[in-house]
Amino acid sequence: MNETLSVIVPVFNAQNSLAKEVHELLDVLSDLETRFELVLVDDGSTDQTSDIADELAYQFPQIQIVRHPRRFGASAAIQSGLRRANGEIVFVQDEFTPFSAMELRRLWELRFEDKRLDARLATPGALDNGLLRRLSDWGVALKKHSQREEQPRRGIQMIRRHVVDKMRSEQMATVH
């Protein structure tokens, strides 16, 4: 099975670690899949993170950059990355957790589990109304959470593209 893969990495004032982390990610991603992208979301950095990200994107066409004009927080950075990512499988790395090649490889292996919507949510088959309600509730809770002071999230999460798209369209439907 040939999947496209996106990795979203929110960063803030990461000038000292960004180049090393990106090179490590690119090494692992090229082992996992030939078609991949790395979406760096600069969440209003005030150091040289933006310049380093530009250099990396110039060197590696797999890198896309999203910039926030000021710090909006990890949740907003992840949402911006999800809007830009094109992969069928999307990994989201939080800005607080060091990169783990082992974790990324382990999650990549889970993509073959057809009953899995993401690395944390399993369903017994087709999306049913109960699951859709829980996903909708999760979206509302995520929105409420993003309006409060942010709590750091830890780790890397894998999400299938169709789940991201479905959640986004449900959120838009509740707004209108």
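## Gln64 and its surroundings

Leaving aside residues up to four places away in sequence, Gln64 touches Glu37, Leu38, Val39, Leu40, Arg84 and Asn86, where contact means heavy atoms within 4.5 Å. Gln64 lies in strand β3, and its side chain makes a polar contact of 3.4 Å with the side chain of Arg84; a polar contact is a pair of N or O atoms within 3.5 Å, of which, within protein, one must be able to donate a hydrogen and the other to accept it, and residues adjacent in sequence count only if both atoms are side-chain atoms.

## Basis of the model

This is a predicted model, in which local features need pLDDT of at least 70 and side-chain atom pairs count only at pLDDT 80 or more, while totals for chains, interfaces and linings use all residues. Residues are numbered from 1 along each chain as its sequence is written, and side-chain values use heavy atoms, with hydrogens and water left out.

## Overall fold

The protein has six helices and seven strands, defined as DSSP runs (helices H or I, at least four residues; strands E, at least two) and numbered from the N terminus. Along the sequence they follow the pattern β-α-β-α-β-α-β-α-β-β-α-β-α. Of the 176 residues, 45% are buried, that is, under 20% relative accessible area with a 1.4 Å probe and protein chains only. Among contacts with a separation of 6 or more, 80% are between residues 24 or more positions apart.

## Nonpolar cores

A nonpolar core is a set of buried Ala, Val, Leu, Ile, Met, Phe, Trp, Tyr and Cys residues joined through side-chain atoms within 4.5 Å. The largest has 29 residues, and those with the most contacts inside it are Leu18, Leu38, Phe91 and Leu104. Two or more residues each come from β1 (5-11), α1 (18-32), β2 (36-43), α2 (49-59), β3 (63-68), β4 (89-93), α4 (101-109) and β7 (156-160), with α1 giving the most, seven residues. A second, separate core of 13 residues includes Ile8, Val90, Ile159 and Val163.

Phe91 touches, among others, Leu5, Val7, Leu104, Leu107, Trp108 and Met158, not counting residues up to four places away in sequence.

## The buried face of α4

Leu104, Leu107 and Trp108 are the buried residues of α4. Seen down the axis of α4, these buried residues fall within an arc of 105°, so they line one face of the helix; the arc is that of the directions from the helix axis to the C-beta atoms. What covers them includes β1, α1, β4 and β7.

Definitions and conventions
Buried < 20%, exposed > 50% of the residue type's maximum accessible area, 1.4 Å probe, protein only.
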